[in-house]
Amino acid sequence: MRRKVLVWLFYFILWQGIAMMVNQSIILPSFLDVFNRLINILSNGSFYNHLFITLFRVILGTVMAFILSFVFAILSYDFKIIDQALKPLVLVSKTIPNITYILLVLIWFSREMSVFFVTLLILFPVLYTQISTGLFGINPEHLELLKLYPETYFHRLTKVIIPLIKISLFEGLKGALSLGFKVGVMAEILGQVQPGLGYLMHIARMNFETVDLFAYTAIMILVVIIIEKSLDQIKRG
C-alpha cells in the first residue's frame, strides 16, 4: 500500500513540475489547480444532477444490453443455428468504431435517447461474446450429470448454468459498465445532450477551460473505480 501511494505521489509531483515548466494552464494545468477545481465541483450540488442523469442513461442501456446478450447467448448455446447466425453480426459489430455508432444514433434517434442506444449497440456484442465464452467453456461433465437427474429447464438454468458462469457474468458486467460510462459521456459530448456530464465537458471545451476538462476526467476515473470495486465486493459476497 505504501509503495502504491509513493508511486502515485511521484506522478503527481512530476505532473506538477511539468505544468510549472509549461506555465500555460490552457495547455497543461497544474495538479494543484485541477485538484482544487475538483473539490469545488464536488462541493456544488447542481453537479450531481448532471452526474446522476448520465449514470441513469448508462445503467439503463447497460442493463438492457446485458439482458439481451444473456438471452441470445443462452439461445445460441442451446440452438447452434442461432449461434451461427449471430456470429457474423457480432463480429461486424465489434469491428465498427464507436464513433460511427454515436454518429449514426444521433441521426436515427433524438439526442436524449442517443446515450441509451449507443450504450446498447456498443455493449451488446461485448457482453454476448463474454457470456457465450463462459457458456461454451462449461465442463460437459456437469451437463451430463443433469441427464441422470432430469429437472425443468428453469432449474437447470438457475441452479447449474448461471452459477457455473457467474464469474463471466460479473466480469462482463463490470467491463460493460466501465465502457458504457465512457461511451455514454462521449455520446453526450458529441450530441450536446443536457443535462449530463458530457454536456459539462462540452461547455468546458467550448470555453477552453482545460482545468475543468481535467477535473471532469478525474471524476470519470473515480466513478469507474467505484463501479468496479462495488461489483468486486458483490462478487466476493
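**Figure 1. An aromatic cluster in the predicted model.** In this predicted model, one aromatic cluster is formed by Trp8, Phe12, Trp15, Phe31, Phe35 and Phe214. The structure as a whole holds 14 aromatic pairs. In the pair of Phe12 and Phe31, the ring centres are 4.4 Å apart and the planes stand at 20 degrees, so this pair is stacked. Phe12 belongs to helix 1 (residues 2-22) and Phe31 to helix 2 (residues 31-42), so their pairing ties together parts that are 19 residues apart in sequence. Phe12 counts as partly exposed, with a relative accessibility of 29%.

**Figure 2. The aromatic pair of Phe116 and Phe117.** The arrangement of Phe116 and Phe117 is edge-to-face. Their rings are separated by 5.0 Å centre to centre, with 75 degrees between the planes. Phe116 has a relative accessible area of 15% and is buried, because residues under 20% are classed in this way.

**Figure 3. The contact of helix 3 with helix 4.** Two packed helices are described by the distance between their axes and by the angle between those axes. For helix 3 (residues 45-78) and helix 4 (residues 80-95), the axes come within 5 Å and cross at roughly 125 degrees. The two helices are therefore oblique to each other. On the side of helix 3, the contact is made by Phe72, Leu75, Ser76, Tyr77 and Asp78. Helix 4 contributes Lys80, Ile82, Asp83 and Leu86. Sorted by class, the residues of this contact are 5 nonpolar, 1 polar and 3 charged.

**Figure 4. Helix 9 and the residue just after it.** Helix 9 covers residues 166-191, a run of 26 residues. At 1.5 Å a residue, helix 9 should span 38 Å, and its end C-alpha atoms are 36 Å apart, which agrees with that expectation. Just after helix 9 comes Gln192, which takes a positive phi of about 50 degrees.

**Figure 5. Val22 of helix 1 and its separation from Pro125.** With a relative accessibility of 32%, Val22 counts as partly exposed. Val22 and Pro125 are 103 residues apart along the chain. Their C-alpha atoms are separated by 43 Å.

Definitions and conventions: Residues are numbered from 1 along each chain as its sequence is written. This is a predicted model: local features need pLDDT of at least 70, side-chain atom pairs count only at pLDDT 80 or more; totals for chains, interfaces and linings use all residues. Side-chain values use heavy atoms; hydrogens and water are left out. Rings of Phe, Tyr and Trp (its six-membered ring) pair if their centres lie within 6.5 Å; planes under 30 degrees apart count as stacked, over 60 as edge-to-face and the rest as tilted. Helices (H or I, at least four residues) and strands (E, at least two) are DSSP runs, numbered from the N terminus. Buried means under 20% relative accessible area, exposed over 50%, partly exposed in between (1.4 Å probe, protein chains only). Axes are lines fitted to C-alpha atoms, for helices over the stretch in contact, and angles run from 0 to 180 degrees between N-to-C directions. Angles under 35 degrees count as roughly parallel, over 145 as roughly antiparallel, 65 to 115 as roughly perpendicular and the rest as oblique. Contact means heavy atoms within 4.5 Å. Ala, Val, Leu, Ile, Met, Phe, Trp, Tyr, Cys and Pro count as nonpolar, Asp, Glu, Lys and Arg as charged, and the others, Gly among them, as polar. The expected span of a helix is 1.5 Å times one less than its number of residues.
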